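Okay, thanks for coming, everyone.

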Amino acid sequence: MKRSKRPVIVCRCEEITEDEVRRAIKRGYYSLEEIKRVLRTGMGHCGGRGCLKIIARLIEEETGIPVAKQRFPCSRPPLKPLALGLLASYKYEEKNG
């Protein structure tokens, strides 16, 4: 199968390509956390739900470290996207005395 010359985006939020991830791995960044810190993968609004598994597979292909042995970065707040309407409907109750 002939491979397309168009870049393959693996992290849509940060527009990181497969080639950028492979270059980072070849520079010695072998963990998802290291690649996240170098390329900002998984730091977009999806929080890595779309790209971390793909990047883990790329690490496995380049280094031989199985996906099951890789440590996925922790989710940090906000844990999931919130609709602005939900935030706007929040009623703040002021305590008096």
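Which residues make the nonpolar surface patch of about 440 Å²? Keep in mind while you look that this is a predicted model. The patch is made by four leucines: Leu82, Leu84, Leu86 and Leu87. Let me pick one of them, Leu86, which sits in helix α4, residues 84-88. Leu86 counts as exposed because its relative accessibility is 52%, and the cut-off for that label is over 50%.

You'll find Arg22 in helix α1, which runs over residues 18-26. Is Arg22 buried or exposed? Arg22 has a relative accessible area of 15%, so we call it buried; the limit there is under 20%.

So what does the side chain of Arg22 make polar contacts with? One partner is the side chain of Glu18, at 2.9 Å. Another is the side chain of Glu62, and that polar contact is 2.5 Å. If you skip the neighbours within four places in sequence, Arg22 is in contact with Leu58, Glu61 and Glu62. Glu62 turns up there again, then, as both a contact and a polar-contact partner of Arg22.

Now, cysteines. How many disulfides does a search of the whole structure find? The count is 0. Take Cys46: the nearest cysteine sulfur belongs to Cys13 and is 3.7 Å away, and Cys46 is in no disulfide. Cys51 is in no disulfide either; for Cys51 the nearest cysteine sulfur is that of Cys11, 3.9 Å away.

And how accessible are these two? Cys46 has a relative accessible area of 17%, so Cys46 counts as buried. Cys51 is at 1% relative accessibility, so Cys51 goes down as buried as well.

Last stop, Thr17. Thr17 lies in strand β2, and that strand covers residues 16-17. With a relative accessible area of 13%, Thr17 is buried too. Which residues is Thr17 in contact with, once we leave aside its neighbours within four places in sequence? Those are Pro7, Val8, Ile9 and Val10.

Note on methods:
Residues numbered from 1 in each chain as written. Predicted model: local features only at pLDDT ≥ 70, side-chain atom pairs only at ≥ 80, totals over all residues. Heavy atoms only, no water. Patch = residues over 30% accessible without salt bridge, like charges linked within 9 Å, V, L, I, M, F, W, Y side chains within 5 Å. Areas by Shrake-Rupley, 256 points an atom, 1.4 Å probe, with all protein chains shown as cover. Salt bridge = Lys/Arg side-chain N within 4 Å of Asp/Glu carboxyl O. Helix = DSSP H or I, 4+ residues; strand = E, 2+ residues; numbered from the N terminus. Buried < 20%, exposed > 50% of the residue type's maximum accessible area, 1.4 Å probe, protein only. Polar contact = N/O pair within 3.5 Å; in protein donor to acceptor, adjacent residues only side chain to side chain. Contact = heavy atoms within 4.5 Å. Disulfide = S-S within 2.5 Å.
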